[in-house]
Amino acid sequence: SNTNMKSGIFASLLASIIFAACSAQTCVHPIDLLTERVVALEEKSRKICVGSTSSSDWVDFKGQGASVDIDTAHCGFAPTDNVHYFTSIRGDSHHWTAQGVPGIYDQTYNSFTVFVYSTQGIHDSLYYATHFNWEIQYVAMIDDSHMTSGP
């Protein structure tokens, strides 16, 4: 569980910090080091997020394909974050006919939209997406290459 993982990380951090706290010329209070490392870990853990849609999320796009709005608010990104999205499609069948999957539209820090159509019949795209259980899988990540690295 997430709580057990955090407890394990906390214990590991605490052990390494107590050891490192006085291994230098001067001692640093272990709580100060622990706080710095936990904050750094929390920052790193929120830089990447994954998810997928459901086949029931698709809607008709003007009879010319299907679209899905993807809410990534659960990722916890901030309005100032430079978020990049990467997508793929999975399904039970015919998802190889989908065109448009890598296209990201209306991108914000907490959502984006994907439009697709099937090469087997543009007007049947919504049917294909829902009937064959097409899902958009995504990876969202923050580009912080312009930032300096922390502890």
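The side chains of Arg90 and Asp92 meet in a salt bridge, with 3.8 Å between N and O. Arg90 also forms a salt bridge with Glu135, where the closest N and O atoms are 3.5 Å apart. The model in which these pairs occur is predicted.

**Overall architecture**

- The chain contains 3 helices and 8 strands.
- Along the sequence, these elements follow the pattern α-α-β-β-β-β-β-β-β-α-β.
- Of the 151 residues in the chain, 28% are buried.
- The accessible surface of the chain amounts to about 9400 Å², and carbon and sulfur atoms account for 56% of that surface.
- When contacts between residues at least 6 apart in sequence are considered, 69% of them join residues at least 24 apart.

- The structure holds 2 salt bridges.
- In general, side chains of opposite charge can pair when their charged atoms come close.
- In the bridge between Arg90 and Asp92, the N to O distance is 3.8 Å; Arg90 is partly exposed, at a relative accessible area of 30%, whereas Asp92 counts as exposed because its relative accessibility of 51% is over 50%.
- In the bridge between Glu135 and Arg90, the closest N and O atoms are separated by 3.5 Å. Glu135 belongs to strand β8 (residues 135–142) and Arg90 to strand β4 (residues 83–90), so this pair ties together parts that are 45 residues apart in sequence.
- Through shared partners, the salt bridges join Arg90, Asp92 and Glu135 into one network.

**The sheet formed by β1, β8 and β4**

- An open sheet is formed by 3 strands in the order β1-β8-β4, with antiparallel pairing. Strands β1 (48–52) and β4 stand at the edges and have a single partner strand each, so one side of each is left without a neighbour in the sheet.
- From one strand to the next, the twist in this sheet averages 15°.
- Strands of a sheet pair through backbone hydrogen bonds, in either a parallel or an antiparallel sense.
- The antiparallel pairing of β1 and β8 extends over 5 bridges; Ile48 has Met141 in β8 as its bridge partner.
- Strands β4 and β8 run antiparallel and are joined by 8 bridges. Val83 stands opposite Ile142 in β8.

- Thr113 lies in strand β7, which comprises residues 111–118.
- Thr113 counts as buried because its relative accessibility of 6% is under 20%.
- The side chain of Thr113 makes a polar contact of 2.7 Å with the side chain of Asp69.
- Leaving aside neighbours within four places in sequence, Thr113 is in contact with Ser67, Val68 and Asp69, as well as with Gly103, Ile104, Tyr105 and Asp106.

Notes:
Residues are numbered from 1 along each chain as its sequence is written. This is a predicted model: local features need pLDDT of at least 70, side-chain atom pairs count only at pLDDT 80 or more; totals for chains, interfaces and linings use all residues. Side-chain values use heavy atoms; hydrogens and water are left out. Helices (H or I, at least four residues) and strands (E, at least two) are DSSP runs, numbered from the N terminus. Buried means under 20% relative accessible area, exposed over 50%, partly exposed in between (1.4 Å probe, protein chains only). Contact means heavy atoms within 4.5 Å. Accessible areas come from the Shrake-Rupley method with a 1.4 Å probe; for residues, only the protein chains shown count as cover. A salt bridge is a side-chain nitrogen of Lys or Arg within 4 Å of a carboxyl oxygen of Asp or Glu. A polar contact is a pair of N or O atoms within 3.5 Å; within protein, one must be able to donate a hydrogen and the other to accept it, and residues adjacent in sequence count only if both atoms are side-chain atoms. Two strands pair if DSSP finds at least two bridges between them. Axes are lines fitted to C-alpha atoms, for helices over the stretch in contact, and angles run from 0 to 180 degrees between N-to-C directions.
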